[in-house]
Amino acid sequence: MAGIDLDNVTKRFKGTAALDGVSLTVPEGETLALFGPSGSGKTVLLRVIAGVVQPDAGRVRLGGRDVTEEPPEDRGVGMAFQNFALFPHMSAFDNIAAPLTARRDAPSVLKAGVERVAKLLKIDHVLGQAPRQLSNGQKQRTALARAMAGQPKVLLLDDPLRNVDAKLRFEMRLELPRLLAREGVTAIYVTQDYREAMALGKRIAVLFEGRIAQIATPDEIYHAPATLAIAKLFGDPAINVLDVTPERDAHGPFARLSDRRAPLDPGLAHAVGRACVLGVRPEAIRFVDAEAPGAVPVTVEAETPLNEKTVTLAVTRRGRELLISRPAGAPGPATGPAHVAVDSVHALLFDRETGARIAPEPPGGAIRGAAA
Amino acid sequence: MDHASPLERILRGVALTVVVVFFMFPLVWILLMSFQTNETILRSPPSLVFQPTLDNYRALLGGRLVGAGSTLQVSYVQNLMNSVILSVSSVSLALLLGVPAAYAFARFRFRGSEDIAFTLLSFRFAPPLLVLLPLALYFQQIGLANTYIGLIWVYQLIVLPLILWIVRGYFEDISPDVEYAYRLAGHSWFAAFRKIALPLAGPGIAAAGLLAFIFAWNNFVFALVLASADKQPVTVGALAFITASGIQFGQIAAAIVLSNAPTLLLALYAQRHLVEGLSLGAVKG
């Protein structure tokens, strides 16, 4: 039985579709990270599930039950809002107790329930305070505690870490998966931060302009993104994008990079002659000697040392910019002319027109086409 | 402001004094008048030195106006009671009707909602005298003339739009997410209205109620035309002091002091609550 099941959900605001036929299934007990740029419809989707926004078409099922027509209070859903949405005139205790007062629990049950989640989220010492007296991190935890206090079957988290500082965000990113697993809830976690999506979701759903562009594990999203746009969003520094038209010779398909032959995956023979875009991760480019095979001459323009890696901006003779990432401490030129080698065999190939990824054909197998 | 120089502080003090004197002068002057006889009031040049007397208040509360050689019955206390009844009931009714309506206008976009809200506001544009004559005729026919109910009904023209539009703004300022959060916790929408929206809009509702009360209290023209002696509020009742034997300035002043006292005290009391922070930092913008 699925925890959350969306079937062809569509929602229009003044003619523009915020959600366009979204179908999605989250198995019971799983956390799905919902990732997308701002304005892609993540929040609307969450609100449709919560019952706060009515979809124009499609069905919403929770735990197998069709709740499309049910008001929010009957759905048994916990939700943490991005802006916290705490009740300003109530103490943190009363905020967290809201799902329990709705059930008319006895005062002792209520107290135990609030203290349980408060302890879990380490806010049991501020329960008597009003929201305005809480720090941002405490507010965020209070909102989370309120969403979880009623032990809902479904938990919706709308970018809950967006308004908290970097240190706390990092802590929570580590803590949250454990917490969600312990509660055994089916959760959807909305985020704009690809690292957060990768850290929290067993699977990631990528939403683009109201459509699900890809649902896959973090690993698949990174190594086999469905579209160029997804490839650009996952990864920091961003993927290098080079316009190419694959050609073919006796050794197999290749692309021309600065007049050097850059071999492609043998399974990409069917892409020969098409206008394509080659996506090369910054860590797939490395500095080499001028005599190395396939070495491309570049000019290093700038270097940014980060903690664990060094990112270099280099320009080819044709004026294409390349971002090159190497582990911190690895040798490399800081300025001036240099040569790089591109691991083009493992690069991603996209159709220039549609942005869809062109997947290599398995040797002797049927055409898989663009990853769907 | 600890960083202000002494000169700045002096200038600020002077400016505040000027403003206070400007606004307080009429009130103080009326208060002084209310303790004087007509003769000392009308002396020229006017003077702050006089023998205070309580005669004016005694006459008002006793209901007997002793003029030059004649005695006139006035029903000032009755008028005051009428004012209280009319203002309190019409504001209560308007709150009862207006607050839920304001909530509906703030939260739900339904067909014609803006038009209806604007129509209600437009009642405030119409010159009262324009509607009064036909209204008086109708009221005569259906038996509402000279009744509290009739007057309270007409007072809604003044207070309802005021409350509706002010309170609506306050409801709109509350993030709908706060209410949704309450409903998602399992409470009905009505519980969310009662436990979340109402308390959060509380200061706004109080402010609107207070303003509406003052408007209702100060209304003159509706009561003048639609009410006769026993239902008249103080504003109309004060006309009785313009007698054949002259205008009773002392009594008028005393009447004004007495009739303004409730609204003044109410405003002073409520002011602290009105200034209180409305958004208590729940929603991070």
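**Why the contacts and strands get their names**

Modeller: In this predicted model, 26 residues of chain A meet 22 residues of chain B in the contact (heavy atoms within 4.5 Å). Local features need pLDDT of at least 70 and side-chain atom pairs pLDDT 80 or more, while totals for chains, interfaces and linings use all residues. Residues are numbered from 1 along each chain as written, chains are lettered from A and ligands numbered from 1 in the order written, and side-chain values use heavy atoms, with hydrogens and water left out.

Colleague: What area is buried between chain A and chain B?

Modeller: About 2200 Å², and carbon and sulfur atoms give 64% of that. Buried area is the accessible area (1.4 Å probe) that two parts lose on being put together, summed over both, so the figure covers chain A and chain B together.

Colleague: Why is the pair A:Glu73 and B:Arg183 called a salt bridge?

Modeller: The rule asks for a side-chain nitrogen of Lys or Arg within 4 Å of a carboxyl oxygen of Asp or Glu. Here the closest N and O atoms are 2.9 Å apart, so the Arg-Glu pair meets the rule. The count between the two chains is 2 salt bridges, along with 6 residue pairs in polar contact, both residues at pLDDT 80 or more. A polar contact is a pair of N or O atoms within 3.5 Å; within protein, one must be able to donate a hydrogen and the other to accept it, and residues adjacent in sequence count only if both atoms are side-chain atoms.

Colleague: Which elements give two or more residues to the side of chain A that touches chain B?

Modeller: They are α1 (42-50), β6 (77-80), α2 (92-101) and α4 (136-149) of chain A. Those labels are DSSP runs numbered from the N terminus: helices are H or I with at least four residues, strands are E with at least two.

Colleague: On to chain A by itself. What makes domain 1 and domain 2 of chain A?

Modeller: An automatic or database domain assignment sets the bounds, giving 2-227 for domain 1 and 233-351 for domain 2. Their C-alpha centres lie 39 Å apart, with 13 residues of domain 1 in contact with 8 residues of domain 2. The two bury about 930 Å² between them, 70% of it on carbon and sulfur atoms. A:Phe35, A:Tyr194 and A:Tyr222 supply 52% of the area that domain 1 buries against domain 2, more than any other three residues.

Colleague: How do you know that A:Arg195 and A:Asp236 form a salt bridge?

Modeller: Their closest N and O atoms are 2.8 Å apart, which is within the 4 Å limit, so the Arg-Asp pair qualifies. On the domain 1 side, α6 (194-200), β9 (203-208) and α7 (218-223) of chain A each supply at least two residues.

Colleague: What makes β9(A) and β10(A) paired strands?

Modeller: Two strands pair if DSSP finds at least two bridges between them. β9(A) and β10(A), residues 211-216, have 5 and run antiparallel, so they pass.

Colleague: Why do β12 and β14 of chain A stand at the edges?

Modeller: The open sheet runs β12-β13-β14 in chain A, with antiparallel pairing. β12 (247-249) and β14 (260-263) each have a single partner strand, so one side of each is left without a neighbour in the sheet. 3 bridges join β12(A) to β13 (252-257), and A:Asp249 has A:Gly252 as its bridge partner.

Colleague: How many salt bridges does the rule find between domain 1 and domain 2 of chain B?

Modeller: The rule finds 0, although 3 residue pairs are in polar contact. In chain B, domain 1 is 6-73 and domain 2 is 77-275. The two bury about 1400 Å², 77% of it on carbon and sulfur atoms.
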